[in-house]
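User: I am new to this structure and would like to learn how to read it. Please take me through it one feature at a time.

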Amino acid sequence: MSLVSSYSVSRGTTAGWLTAIRMPPIVAISFAVVVLVIAWSVAPGLFTSYDPVNGVPAQKLLGPSAAHWFGTDHLGRDLYARVVYGTASSVSSALIAVVIGVVAGGVIGLLAGFLGGWVDTVLARLVDVLLAIPKFLLAVIVVTAIGFATTNAAIATGVSAVAVFARVMRSEVIKTRQATFVEAAFLLGGSRWHILWRHVLPNASRSVLPLAVLQFGDSILVIASLAFLGYGDPPPASDWGLLISIGKDYLKWPWLVYAPAFVTIATVLSVNRISRWLRKTD
Amino acid sequence: MTERSSPLSLSRRRLLVTTAAAGAAAIFASTTSFTPALSADDPRKGGDITFLIDSLGDTWIPNNSAISSFQGHIWGHVTDKLVYVDADGKVSPWLAERWEQNDDATQFTLHLKSGVTFSDGTPLDASAVVANLDIWYAGRKSEGINPIGLFPKTYDHAETVDAATVKVFFKKPTLGFIPTLGYHGSILISPKTIAAPAAQQADLSKTSGSGPYVVDSWKEGDFVTLTRREDYNWGPAAVGHTGPAFLDTITYKLVSEPSLRVASVQSGQADIAYNASPQELQSLKEEGFTIATPRYLGFVNGWAINTKLAPYDDVKVRQALQASINRQEIIDTVYTSDWKLATSFIQSNVPGATDHGDLLTYDPAKAERLLDEAGWVKGADGIRTKDGKPLSLTLHSNPYLATSRSIDELIAQQLGKLGWKIDIRAYDVVTYGQKVTYGGPAVPAYEVTRSFIDAGTVASILTNANNGENWFALGESDAKLNELRDRIAGAGSVEIRNPLLDELQKYVLEQGYFIPRTQIVQRIYVQSPRLTGETYNGVAYASYYTATISD
Amino acid sequence: MRNAYLTYAAKRLVQAVVVILLAYVFTFVVVSILPGDPITNVLRNPQNGFTETEIEEIIAAQGLDKPVLVQLSTSLSNFLTGDLGLSMRTNRPVTTLIAEVLPSTLVLASAGLAVALVLALVIAYGTRFLPKRFGQGLLRDFPSLFLSVPNFVIGLVLIHAFGFQLGLFRVIQPDSFWATFFAAIALGIPISAQIAEVLIANLDHESEQEYAAVARSRGIGQMRLFAKHLLKPSSLPVVTVIALTIGELLGGSLITETVFGRNGIGSLVQRSVTTQDLPVLQAVVSLAAVVFVLVNLIADLVYPLLDPRVKLLGAPERRPAAADESSVNVSKVVTS
């Protein structure tokens, strides 16, 4: 999906998105979902009185009800509470992945594009290798090497996104470098690093940012997939992907899969929606 | 699927299981009723079954794979053993018709059944048995063929007396030798296969055994299909049938999701689902499916405590731990009533196991008192501390037992109430093997899932004598344990040994060296009611040699 | 011209080989970070009852305690001579293992790609030509919805609905037609979204072009307009996207194969990863790199055929650069 975004990234208009006040209702809902998710991860205790770790064993596998919105799991724990308490880890791990992808990819792309020559050649080969290995396969291999945990899954996801960010950054830097105002700065005798910092970076990062927003949604899914395959945190962690993965062992009680899956889908969809709306109003 | 809940077939299966478990007299009585001469038009003959399994293991080199919880199913049908061990640990003749031993149990003579052949035509004679004993003991390490880990390390050599007689020599008394021959590692393989290089042995279709089935086709990580061997005529008398098997084919098919395995059996797409989630068993039973939760002979599921690691070097803390676990709640929450409370640190069906359930009762008041006495004071956050250190326990969930994580979570809740601080670590099989060992520096409690055939070997596993595994990191420091170990090893008969075993069980539990959780069921079978007559051996493997299927 | 092209091709080929070798070494380095391998893994199975000394003895007997660099150079020189070695987990030749599972993955991946293309065309055409009240807006939302659903959830739902509730396929026969069909849907849905997005963006652009206007004024039917005039030029970046989605198809098959219980490259990777079966992982990664490089090469060759406006020698200077340029071109096209 990051591929697509590199095609549809819009630029050129300087009118900030803030000026666009008219917000379609669906975007408003998306914002509400994201705000709720952020609130869940910041203060989960405000949204549920149940304990996500210690359940009431006698109340195991109850269906959704007024008392337990998403039902209870195999140890009698309130699933809604587990989803709410698992939000922080799900959201922060996706953030870690994005930061790794943007920073590492950005630096590689920046150096390759700005310095050119042998640096570009060497870095290009590195990016080629990362590109040639399917993203998810790369993530699986990396997470195996560094150990099964949600943070490690996030790192692996970030590593697998480095190549895409590096590529976009590099082409943006090359374009900006050739722009008239940068040429002019060179002619005026500006230092390379000053030009890099003042002119190239801000311009290039403008097209990387929407890609990063999309990558956030994608990372939630990739980390959930890794958790599904069993590469996540040990119990009693309750990341969304882990919850789906545990739930799939109890398909007779389908809410154990559908409730966390629904929350995941709603969040990623909202993030994608917002990112699309941002691009349109750019 | 029409006769899903036929009570008739259910009771017949029970009857067979009971028969297999009964004494010798009952076995011979039932033999006559169960083994009429099997003719080609025997109505019980025919049918194909599909067994859904969660893994088909790794390599198929017989020595390296025989103990695999998954591959053992296939080996059980493709190969035979010298003796048969039933679910109650009773040893009976199979390919060894009878045996003798000298007084100090250092020499054994095995008399083999005649006319037995491997599927490649090689006779299963004395020289074939010697070739197998040699490779079990030594393997071919440089080629990647491992020895069988639990084969007696005291083995010296074996020689053929005549075509049907083998004499086996040991360096030291080895009472456990004969039971070991019925263990899942001791499968008899054709000498031609044994002589083949490792890469060839790894191709299952090139391996020949003498079992009632032969490998028809297989694909790595996918399936193994077995077909009946028509000239098979040497089944173990203990299962009540010796002729060819009834079912035409058995297919072991890998389906990694437990819920999909069960759902496939429910919808009639397969006949047996292995390792179902315990939570589903109750409703499956109500739907009329046969549920089997055979217990293997071995240790119960529980922790071997590392007595070198503080605070578990303090006997009071260990005893408090013993009393802090609500074992009934584990069974009620994670398992079903098919599971049994632990009454010792060995399963209650092991000959020589005695009931020490009184030492394993849930007594939070006693636990709190012991912890108070040991100086662990409850803080404001509910966690006990001593000298500024929290009362912590790190649990490493055992990757070989699917329910291990759930139990760890539940125990963490139970212990948390009494002031323990619990960390749960769940590693994959590889990392677990690397990081989690008995008495490891960061492993206060090693979760045991281990079968054995003879209780006499237990004592030496617990200590470090004779290359033992030193489970409690005691070394030679506990004189009483060492004394019991030596007396058990030297016991010449079961009558002398059993009271010593009883004393050992009581002592280990009292000292809190071993903290049992529940009796272990490592193999769970959900079976279509159409399929009946299977048997379970001492290591809880299902054999469909005697099974039949109705329409 | 021809000479220049040959030089370019030779250069590309050398780069491709370098990338494949680097991928091989990369996998070795990453997987070797952790101690442990399938052999010790089997030895450490608690049922085996080996003591630590015995394990060390067996490992030494097999030469597994050699320095990592020695192991790497042995493995690399074998790889160069085409010998992929023995799987440590199964003791069988890696080539045999891969040959056993490759057909299943090829079938799934091509079916998945076909599903993705059909869905993408339906979405793109629907978004473009369906009257508003017939759900045009709804269709436009499909790509982002498709990209938001984890594909293992799609797989679980399909298996439950069609495998068990409707009994359309036997879950334990994942290679049957319907099982493959639904696995392809689970695999194809997220990928269709990527292709559809590009297709829509370019349809939007192309239809603004003069010739479309001309064609429309001549009264050409919508369907024919779509097929004849718009689809062909706008499928140009789609070819690039397909080339790049090959990786996604392989990665997605890792999950889809697990969910549907198919025995393919993906499940082979799963089994090898959990036991750190290095030779198999190296072979699969190199294979993926080979496929990626080949498909992209083919895409480069197909490119000029689809659109005569692309000069043969102008655009492809170096693959990543070419990809960059095409992406930049497209984005310019979209925003202009």
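User: What separates the centres of domain 1 of chain B and domain 2 of chain B?

Analyst: Domain bounds come from an automatic or database domain assignment. In this predicted model, the centres of domain 1 and domain 2 of chain B, taken over C-alpha atoms, are 31 Å apart. Domain 1 consists of 48-294 + 524-549, and domain 2 of 298-519.

User: How many residues of domain 1 of chain B are in contact with domain 2 of chain B?

Analyst: Two residues are in contact if their C-beta atoms, placed from the backbone, lie within 7 Å. By that rule, 19 residues of domain 1 of chain B meet 16 residues of domain 2 of chain B. On the domain 1 side, α6 (177-180) and α10 (278-286) of chain B supply at least two residues each. The helix α10(B) gives the most, three residues. Helices (H or I, at least four residues) and strands (E, at least two) are DSSP runs, numbered from the N terminus.

User: Which residue classes make up that side of domain 1 of chain B?

Analyst: Ala, Val, Leu, Ile, Met, Phe, Trp, Tyr, Cys and Pro count as nonpolar, Asp, Glu, Lys and Arg as charged, and the others, Gly among them, as polar. The side of domain 1 of chain B that touches domain 2 of chain B has nine nonpolar, eight polar and two charged residues.

User: Before going on, how are residues and chains labelled, and which parts of the model are used?

Analyst: Residues are numbered from 1 along each chain as its sequence is written, while chains are lettered from A and ligands numbered from 1 in the order in which they are written. As the model is predicted, local features need pLDDT of at least 70 and side-chain atom pairs count only at pLDDT 80 or more, whereas totals for chains, interfaces and linings use all residues.

User: Why does the radius of gyration of chain B agree with that of a compact globule?

Analyst: The radius of gyration is taken over C-alpha atoms, and the globule rule is 2.2 Å times the number of residues to the power 0.38. For 551 residues the rule gives a value near 24 Å, and chain B has 24 Å, so the two agree. Along the principal axes, the C-alpha atoms of chain B fill a box of roughly 75 × 60 × 45 Å. Chain B has 18 helices and 25 strands.

User: How much of chain B is buried?

Analyst: A residue is buried if 20 or more other C-beta atoms lie within 10 Å of its own, exposed if 12 or fewer, and partly exposed in between, with C-beta atoms placed from the backbone. In chain B, 56% of the 551 residues count as buried.

User: How do I read the pairing of strand β8 of chain B with strand β9 of chain B?

Analyst: Two strands pair if DSSP finds at least two bridges between them. Strands β8 (residues 213-219) and β9 (residues 223-228) of chain B run antiparallel and are joined by six bridges. Y213(B) stands opposite R228(B) in β9(B). The hairpin has three residues between the strands, and there G221(B) takes a positive phi near 70°. On its other pairing, β9(B) is joined by five bridges to the antiparallel strand β10 (residues 249-254) of chain B, where T225(B) has T251(B) as bridge partner.

User: Which residues does chain B use to touch chain C?

Analyst: The contact takes 41 residues from chain B and 40 residues from chain C. Elements giving two or more residues on the chain B side are β1 (48-53), α8 (198-201), α9 (258-266) and α15 (429-435). Of these, α15(B) gives the most, four residues. By class, the chain B side divides into 14 nonpolar, 17 polar and 10 charged residues.

User: And how many residues do chain A and chain C bring to their contact?

Analyst: Chain A brings 47 residues and chain C brings 53 residues. The largest share of the chain A side, nine residues, comes from α10(A). That side has 28 nonpolar, 10 polar and nine charged residues.
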